[in-house]
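Hello! Here are some friendly notes to read alongside the model. Take them one by one, and keep the 3D view open as you go.

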Amino acid sequence: IRVVDQEDQGPEFITVPSVTRVAEDALPGTPVLKVKAIDGDRGVNQRIVYSLNPAAGQQFAIDDKDGTVYLLEKLDREDAQVTNGAFILSITAREDSPLGSSVTTEVTVIVLDVNDQLPTFRDQGTGLYRAEIDENSPDNTPVTFVDSDLMKPQVFDYDQGTNGTFTLEIECDEDLFDISPSLVVNEAVFSIRVKNHLLLDYESLQGVINCTVTATEIAAPLASNSIKVQITIHDLNDNLPQFHIEPNSYQFRIAENSPPGTVIGYVKAVDADSGQLGSQGIRYSLLAGGSMIDVLDVDPVSGLLSVGPGAGLLD
């Protein structure tokens, strides 16, 4: 008795690589893996047609005749579609017959990292961070970043392992600041701190110092990225007013019996601090108890010295 096979069995996969790897810079058309299925009916042996689940996206395609999966476009391991650095592909083998039986299997494609990402700053594309600090701040005092809610002092490189590791350095007009951390893996919030408080002087720096922060990868090709940081130095009232004369005394002549209001001359002082902390905030007065306090008068703002109400004493 010879048993004649009837079409009652679906296809079976006989070659399925459960895990395969492909570099993220592989070119379109690169073969990734190959599967093979046969008809479960031994005596019928229908042709098998292969297809990919549409959820595989636009990156992969499959040859429907021989089961070779290949790239349609270049991959990006850092793309949000790549879950944990891998794709899960669902492959279906279907019999080319009226019955149309099919079977589905899954394979994992691990995307191998390539050093194709630059360290990037979260600066909203402005190319500039702005920060501020008071003059004379002690060593290790951090600067305060302006608009830090929008332009966060963060830097990142989402390449994997060594490819995503980089150093941070800062260069300023003066050797004033340090940056930390100096070594970053993938992502970090960085801070800029005072290195030499003796140089942090508003008057000598003219209120602003310009710096450049550079992130440099430690893996070839040692790519780097830089951003400008403009740090505003806030003035403090740390300078005394100085009379603008050498030696520190004035010589005036005035006729005796000059009436009240007669102009004698001007005194002038300057203060290296800015605005109201400096020369704009200077006020002049006569010291109480002085022998001439009733004879002289001084304008508190201009420093005009004139004969006072006690002019009769000017004898």
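**Notes on the disulfide and the strands**

1. The structure holds 1 disulfide, meaning a pair of cysteine sulfur atoms within 2.5 Å. Its partners are Cys172 and Cys211, with sulfur atoms 2.1 Å apart. The link of Cys172 and Cys211 is right-handed, with 105° about the S-S bond.

2. Before going on, please note that this is a predicted model: local features need pLDDT of at least 70, side-chain atom pairs count only at pLDDT 80 or more, and totals for chains, interfaces and linings use all residues. Residues are numbered from 1 along each chain as its sequence is written, and side-chain values use heavy atoms, leaving out hydrogens and water.

3. Strands here are DSSP runs (E, at least two residues), numbered from the N terminus.

4. Look next at the open sheet, where 6 strands follow the order S12-S11-S20-S19-S14-S16 with mixed pairing. Two strands pair if DSSP finds at least two bridges between them. At the edges are S12 (144–145) and S16 (183–185), each pairing on one side only.

5. Within that order, S11 (residues 128–134) and S20 (residues 224–234) run parallel, joined by 7 bridges. Arg130 has Gln230 in S20 as its bridge partner.

6. Finally, find the hairpin of S6 and S7, with 5 residues between the strands. Gly67 in the turn has a positive phi of about 80°.

How values were computed
Helices (H or I, at least four residues) and strands (E, at least two) are DSSP runs, numbered from the N terminus.
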